[in-house]
Amino acid sequence: MYSEVVQGVAYEVEFPFEPYPEQRHYIAKVIQAINEGKNALLESPTGTGKTLCLLCGSLAWRQNQLQRKLEEGVEQKNIHLPKIIYSSRTHSQLAQVVRELKASSYRPRMTILGSRQQMCVDAEVSMLTGTEQNMACRAKTKARACTHFNETEKFYNTNSRIGIDEPVDIEDLRNLQKDMGSCAPCPYYLTKQMAK
């Protein structure tokens, strides 16, 4: 952890190792953009830790806001902080984001959203693609004929800290089926439940 001063305010940034000066500068610019409510176009060469810097910077800002509200005497249940939405073009990029989040000490409530094509574990429906897959999934879930869909609510009710204690990616959710067989929840519908 190190302290980053941005616009006269100190932010405690939990970074998994001693950041390079370029990484500190990147994090400071992330925090500054959020403070000012502005968009930021930040670039850095491949391999310089952009994803980790973006995550740690935005989560440090969010933690700072929480601490300020608590110091003002606001009860935690009444504090409403902005959601952080990290979007990406590909599944592999999202997997990298979750890996970087796991490497940090931050544990925000999180979920990862994806398509049925990426998340379906039903033996029949997962073999289909596109509109055909979407229609088959809707038909099976409506008829309660998908065992994974049927297990989702029960699983979530007994595992409501999923995505809180430890970040999860699409593969983590799909692997529940390998571990639990037909009793595994549907990753697609589980992430929708987690997102609520």
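Helix H7 (residues 170–180) and helix H8 (residues 187–195) pack at an angle of about 125 degrees, their axes lying 10 Å apart, in a predicted model. Axes are lines fitted to C-alpha atoms, for helices over the stretch in contact, and angles run from 0 to 180 degrees between N-to-C directions. H7 and H8 are therefore oblique to each other; angles under 35 degrees count as roughly parallel, over 145 as roughly antiparallel, 65 to 115 as roughly perpendicular and the rest as oblique. Helices (H or I, at least four residues) and strands (E, at least two) are DSSP runs, numbered from the N terminus.

**Basis of the values**
- Residues are numbered from 1 along each chain as its sequence is written, and side-chain values use heavy atoms, with hydrogens and water left out.
- Local features need pLDDT of at least 70 and side-chain atom pairs count only at pLDDT 80 or more, while totals for chains, interfaces and linings use all residues of this predicted model.

**Packing of H8**
- H7 passes H8 in a right-handed crossing; a crossing is right-handed if the near helix is turned clockwise from the far one by less than a right angle, and left-handed if anticlockwise.
- On the H7 side, Leu173, Arg174 and Leu176 meet Pro187, Leu190 and Thr191 of H8, contact meaning heavy atoms within 4.5 Å.
- The residues of the contact of H7 with H8 comprise four nonpolar, one polar and one charged; Ala, Val, Leu, Ile, Met, Phe, Trp, Tyr, Cys and Pro count as nonpolar, Asp, Glu, Lys and Arg as charged, and the others, Gly among them, as polar.
- H6 and H8 pack at about 35 degrees with their axes 9 Å apart, and their crossing is right-handed.
- Phe149, Thr152, Phe155 and Tyr156 of H6 make this contact with Tyr189, Leu190, Gln193 and Met194 of H8.
- By class, the contact of H6 with H8 has six nonpolar, two polar and no charged residues.
- Pro187, Tyr188, Tyr189, Leu190, Thr191 and Met194 of H8 are buried, that is, under 20% relative accessible area, with exposed over 50% and partly exposed in between (1.4 Å probe, protein chains only).
- These buried residues of H8 pack against helix H4 (116–119), H5, H6 and H7.

- Apart from neighbours within four places in sequence, Phe15 is in contact with Met1, Tyr2, Gln23, Ile27, Leu52, Cys53 and Cys56.

**Individual residues**
- Thr141 lies in helix H5 (residues 130–142) and counts as buried at 10% relative accessibility.
- Apart from neighbours within four places in sequence, Thr141 is in contact with Phe149 and Tyr189.
- Gln7, in the loop between E1 and E2, has a positive phi of about 50 degrees although it is not a glycine.
- Gln7 is partly exposed, with a relative accessible area of 48%.
- Arg144, in the loop between H5 and H6, has a positive phi of about 55 degrees and is not a glycine either.

**Whole chain**
- The protein chain has eight helices and two strands, in the order β-β-α-α-α-α-α-α-α-α along the sequence.
- Of its 196 residues, 36% count as buried.
- The C-alpha atoms fill a box of roughly 60 × 40 × 30 Å, taken along the principal axes.
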